[in-house]
Amino acid sequence: MSTAVPIVLAGARGHGRWHLDNIRRLQDKGIVRLAGVCELTPLTPAEIPEGLGAPEQSADFGALLDSTGARIAVVCTPIPTHADLALTAARKGVHLLLEKPPAPSYAEFRRMADGIAAAGVACQVGFQSLGSHAVPAIRALIRDGAIGEITGVGGAGAWARAESYFRRAPWAGRRRLNGVDVIDGALTNPLAHAVATALALAGATRAEDVDGIETELAHANAIESDDTSCVRVTTADGLPIVVAATLCAEDPDDPYVVVHGSRGRITYWYKQDRVLLQRAGHGPEEFEYGSTDLLENLVEHLADGTELLVPPAVTESFMRVVEAIRVAPDPVQLPDGAWRLLSDEDRRVVPGVDGLVAAAADTLALYSELGAPWAFTTAHPKEVSP
């Protein structure tokens, strides 16, 4: 491409710092140019990576899009602001990279996605795991019958977050703030990739692919939302998808998705782009894949029509899960005896939860079905009509 695409980044602190570094990487390749930064408090020169110059800054997103002539906006702001900012950009003909989760409710998601479609702009949702070349490779293995008939998909995320993580912003760990949905839980934000990737590998990305959703939501930390939770999605074809997550792991490890088949399994560590194929009559085979950056893919889409990897339609079933969690009863506070504080790490741990998370992904069972003593009060079936 002969001309670098001007970009405005909304939300440049926190996870937004990753976007600044990525924009710098693509700017060095001559693909994009950081034209503006939208923050309530302007970035200091020290907060702007070397080589990005002095982009225009403003707290007024719409005005900044106008003054910079931006063609793409990267939106990495608090979850409740996503839909309105995305629609502001769309109305101005500005294309979007929208951080996940794209919205805090299915209604907000539809309002956003329909408005973007009506405006005729492109939108990419920031599920970077779906940019991995491992995803089409796994789909090909499934299609070719490498592990026989698919019997279900599991996902496991055993992570750790300090108590300070839940104090990083007013909306952190909240289900609602000032009457507005936030839904910042383990399954909907930090481990949302596990949910979206499991749905994608199951071939169940559209809203009509979901027949029912069951949730079990709990928290050890002093928050509103869930930090230890699991969900079972039953697809329209009757396939079970179970994703279990915790931010209170004893020994945190990389999350993964596992596709179960009648003659084997495929495990995908999505942060590593690493795949393990285990099947009857063969030794284990391991593969590593590259990944396509989602912002780069969006630029290529605008330049030559390259297919978008994660348009909003690919996240419909994920948003059904967000909605099920949103309308479920509030997560249960785990009793004092179910967790302990690691004071030197400023974090709460749920003893035994690492094994529970792995077992849920392995057996496609919920925490309550695995006998977790605290889980019987957290189970909430939620049927979702297509």
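Residues are numbered from 1 along each chain as its sequence is written, and side-chain values use heavy atoms, with hydrogens and water left out. Because the model is predicted, local features need pLDDT of at least 70 and side-chain atom pairs count only at pLDDT 80 or more, whereas totals for chains, interfaces and linings use all residues.

A search of the whole structure identified 25 salt bridges, each defined as a side-chain nitrogen of Lys or Arg within 4 Å of a carboxyl oxygen of Asp or Glu. Arg111 takes part in a salt bridge with Asp84, with the closest N and O atoms 2.7 Å apart. This pair links distant parts of the chain, since Arg111 belongs to helix H4 (residues 106-119) and Asp84 to helix H3 (residues 82-91), 27 residues apart. Helices here are DSSP runs (H or I, at least four residues), numbered from the N terminus. Arg111 also forms a salt bridge with Glu108, at 2.9 Å between the closest N and O atoms; both residues lie in helix H4, 3 residues apart, or about one turn of the helix. Arg111 is partly exposed, with a relative accessible area of 36%, as are Asp84 at 44% and Glu108 at 22%. On this scale, buried means under 20% relative accessible area, exposed over 50%, and partly exposed in between (1.4 Å probe, protein chains only).

A further salt bridge joins the side chains of Glu285 and Arg279 (3.0 Å, N to O). Glu285 is partly exposed, at 25% relative accessible area, and Arg279 is likewise partly exposed, at 23%. Elsewhere, salt bridges that share partners join Arg25, Lys29, Asp293 and Glu296 into one network.

Pockets were located on a 1 Å grid over the protein atoms alone, a pocket being an open set of points where a 1.4 Å probe fits, with protein on both sides within 12 Å along at least five of seven lines; lining residues have an atom within 4 Å of a point. The largest pocket holds about 1,400 Å³ of space. Its lining comprises 46 residues, of which Gly14, His15, Gly16, Cys76 and Glu99 are the closest to the centre. Helix H1 (16-28), H3 and helix H7 (294-304) each give two or more residues to this lining, and H1 gives the most, with 4 residues.

The second largest pocket has a volume of about 270 Å³. Among its 14 lining residues, Leu130, Arg139, Glu307, Leu308 and Leu309 are the closest to the centre. Helix H5 (residues 134-143) supplies the largest share of that lining, 3 residues.

Conventions. Grid points are joined across faces, edges and corners, and a volume is the space filled by probe spheres set on the points.
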